[in-house]
Amino acid sequence: MESILHITTLHYLVLGAALFLLGVIGVLTRRNVVIVLMSIELILNAVNLNLVAFSRMWGGLHGQVFSIFVITDAAAEAAVGLGILIAFFRNKETVNIDEVNLLKW
Amino acid sequence: MREIIEYISSYLTSDQTPGAAGNMFWALVYIMLVFLGLSVAVIAMNWLERKILAHMQVRLGPMRVGPHGLLQPIADAIKLLLKEDIMPAEADGFVFWMAPLIVVLAAFTVFVVVPFGPTHAITDMNIGILFMLGVSSLSVLGIVMAGWASNSHYPLIGALRSSAQMVSYEVAMGLAVVSAILMTSLNAEGTGTLSMIGIVRAQQAQGEWFVFKFFPLGLIAFFIFAVAMVAETNRAPFDLAEAESELTAGFHTEYSGFRWSLFFLAEYSAMIAVSSIAVTLWLGGWLRPFPNWLNGTPWDQIFSIFPGVTFLLFAAICFFNTVRMPKHPLFRIQTIGLAGFGVVLGLIGLVLFVPAVSLRVQDVFWFSTKVAGFMYLYIWYRGTFPRYRFDQLMQMGWKVLLPMGLGVLILTAGVALLQENIWHP
Amino acid sequence: MAPVATPFFFYLFAAIMLMGGIAVITRKNPVHSALALIVALLAQASLYLMLYAPFVAGVQIILYAGGIMVLFLFVIMLVSIDRSIKERQFNRQWVVGMIAATALGGLFVAVYTKGKDIFPEHALSVAEGDNTQKIATMLYGQYMFTFEIASLLLLVAIIGAVVMAKKRI
């Protein structure tokens, strides 16, 4: 009981792992491209939570600075990914990744 | 019983905000007080806007509902609550219901860090100004959702235009804010602060309000923020997205009754929030006018009677208008009501003369006066300026305010460096 | 800052995040998924505040919840979703995907149960009063090169997004 009430770093790491799993399931099983991209954002957030939890454990601020850079990169990647999605949607009128099979023989 | 009084008085003379002290009970009490004050301010703004706009347009405004229309906001609120709640047929129910909630949430959460006094904030976060800018940008989400969920093209176009406008002017606001934050770092340690209480204390330590610092750079930064904040809250002259002649009320066309009143509440709260940012960053927050030039105990005492005198002035105006009421038996209730209101205001003014009360209320009074000045400016803009066209609006945001903001930032940084070199070589 | 009721708030925000995450991957309507993700991101910002990282929390609210999710909502509105709601939501390889995710979950459980003794307690209490100043000193001192590269990356992303979304290059 005491180990549940006293919040340690391990609690944050387990939460991060659970979010990572949810994101991986979303990427592997959904067909809608926008939802796949949102699952990737979930994965990045889980990683950020791990980084900041470890930064608190060790006392330095390197983890927090790293997570700021991760957030910046997530913004850039979301912008480019959604741009590609719009360009693709103009051609094929669908957001289903199973139909992105122009190279299939 | 004595312990309760001791507990209350020991808290009233503390030197920390409730958040910093970790005291949940007092934090909740402060939250209730801020919520109450905000509701009263929104009701007063509703009445003031209609009366002031009317007087600017040489007419009288609401005069019938209470004496001089004082009960008009209550009548409006009752009407809105009793109206039928319509939802369009093909609308997405969940998103339609969530959109006003998000806008109200964003508009009210901002007040957690607003500093009404040196210890009169709910909490003093290390990232105060960043938190305020970030949470007020969450209202864009609510507007986009409102336009989308209405399933009709006028709200959709209005929502897209409104959100594009808000996002563009957030950039200009951010740059103006950064150049004000830069001025907080001109102290012995060379580090500034993002916390709202820290910014006002920096103005107190440096002895001048940031609007007058490095003249004219502080003034230009204040001007950029003052223009951007009017565009940010979708008010005249930047209210194309909700103008009645253009888009039939824009993103809140399909909302009726209580949901529409939530949008209206959020709009006025957002106005008060961005005015609080402007007052804290440039106009010295809770500091009384001329804290250094006219310092010393006699001036302190003179300035400490201002709250009481203001309320007594309001009471005197009420009594003057009571005498001027038409002497007709049907007007008797209104005359008595106005006289009663004047008596209440006078009593509040007399209570504010008591030194113990006046000491605690002093800071809140000066802060509220400056924010009230900004509210009057908002209403004045609405009565005076014609509306901007949407492409003119976007052009001004990106091509005029953004370069000006960058220029002010670079110049402020340069002047700050030069000053550091001159005084601490 | 004195911490208040830490277990209650941790479990509350953790529950909100997990429910939001589950809603993201299971809803048919992408708009509902985006709203659930916004709720999860705001709960994560609260968790950052509990971890004494206020600046990262502020950046999360401004950039992630107020920027990236607005971008997602705009794109969802541009891309018509009426057809996609009526289609099948989960693809044909979902069994293999779930097996892979379960294997990954088993790996996590094994690592955490074996290694849970190597994490020391929260021995160091980082003061919150000057978090922003310390991060700024590190960003502009030790991580200056990374900072410049990140801004270059954002420039590349802006140009790339504009080129991708244009009608005629």
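**Entry 1: chain B**

Within chain B, what share of the contacts with a separation of 6 or more is made by residues 24 or more positions apart? I looked it up, and the share is 77%. Here two residues are in contact if their C-beta atoms, placed from the backbone, lie within 7 Å.

Before going on, I noted that this is a predicted model, in which local features need pLDDT of at least 70 and side-chain atom pairs count only at pLDDT 80 or more, while totals for chains, interfaces and linings use all residues. Residues are numbered from 1 along each chain as its sequence is written, and chains are lettered from A and ligands numbered from 1 in the order in which they are written.

Next I listed the secondary structure of chain B, which holds 17 helices and zero strands. Helices (H or I, at least four residues) and strands (E, at least two) are DSSP runs, numbered from the N terminus. Chain B has a radius of gyration of 23 Å, close to the 22 Å that the globule rule gives for 425 residues, so chain B is as compact as a globular protein of that length. That radius is taken over C-alpha atoms, and the globule rule is 2.2 Å times the number of residues to the power 0.38. The C-alpha trace of chain B spans about 70 × 55 × 45 Å along its principal axes.

I also checked burial: 41% of the 425 residues in chain B are buried. A residue is buried if 20 or more other C-beta atoms lie within 10 Å of its own, exposed if 12 or fewer, and partly exposed in between, with C-beta atoms placed from the backbone.

**Entry 2: one residue of chain B**

I picked Ile74(B), which sits in helix H4 (residues 72-82) of chain B. Is Ile74(B) buried or partly exposed? Ile74(B) is partly exposed, because 14 other C-beta atoms lie within 10 Å. I also looked at Asn46(B), 28 residues from Ile74(B) along the chain, and found their C-alpha atoms separated by 9.9 Å.

**Entry 3: chain A**

Chain A comes to four helices and zero strands, and its elements run α-α-α-α from the N terminus on. Its radius of gyration is 18 Å, well over the 13 Å that the globule rule gives for 105 residues, so chain A is more spread out than a compact globule. Along the principal axes, the C-alpha atoms of chain A fill a box of roughly 55 × 30 × 20 Å. Of the 105 residues of chain A, 50% count as buried. For contacts in chain A between residues at least 6 apart in sequence, I found that 46% join residues at least 24 apart.

I then followed helix H3 (residues 33-58) of chain A, whose 26 residues reach 38 Å from first C-alpha to last, close to the 38 Å expected at 1.5 Å a residue. The expected span is 1.5 Å times one less than the number of residues in the helix. How many of the 26 residues of H3(A) are buried? The count is 21, so H3(A) is largely enclosed by the rest of the structure. After H3(A) comes Gly59(A), with a positive phi near 90°.

**Entry 4: chain C and its neighbours**

Chain C has seven helices and zero strands, and 32% of its 169 residues are buried. Residues 24 or more positions apart make up 54% of the contacts in chain C with a separation of 6 or more.

Which chains have the most contacts among the two pairs that touch? They are chains A and C. Their contact takes 71 residues from chain C and 60 residues from chain A. On the side of chain C that touches chain A, H3(C) gives the most, with 13 residues. By class, that side has 52 nonpolar, 14 polar and five charged residues. Ala, Val, Leu, Ile, Met, Phe, Trp, Tyr, Cys and Pro count as nonpolar, Asp, Glu, Lys and Arg as charged, and the others, Gly among them, as polar.

I turned to chains B and C, where the contact takes 24 residues from chain B and 23 residues from chain C. H6(B) gives the largest share of the side of chain B that touches chain C, five residues. Chain A and chain B do not touch, and their nearest C-alpha atoms are 14 Å apart.
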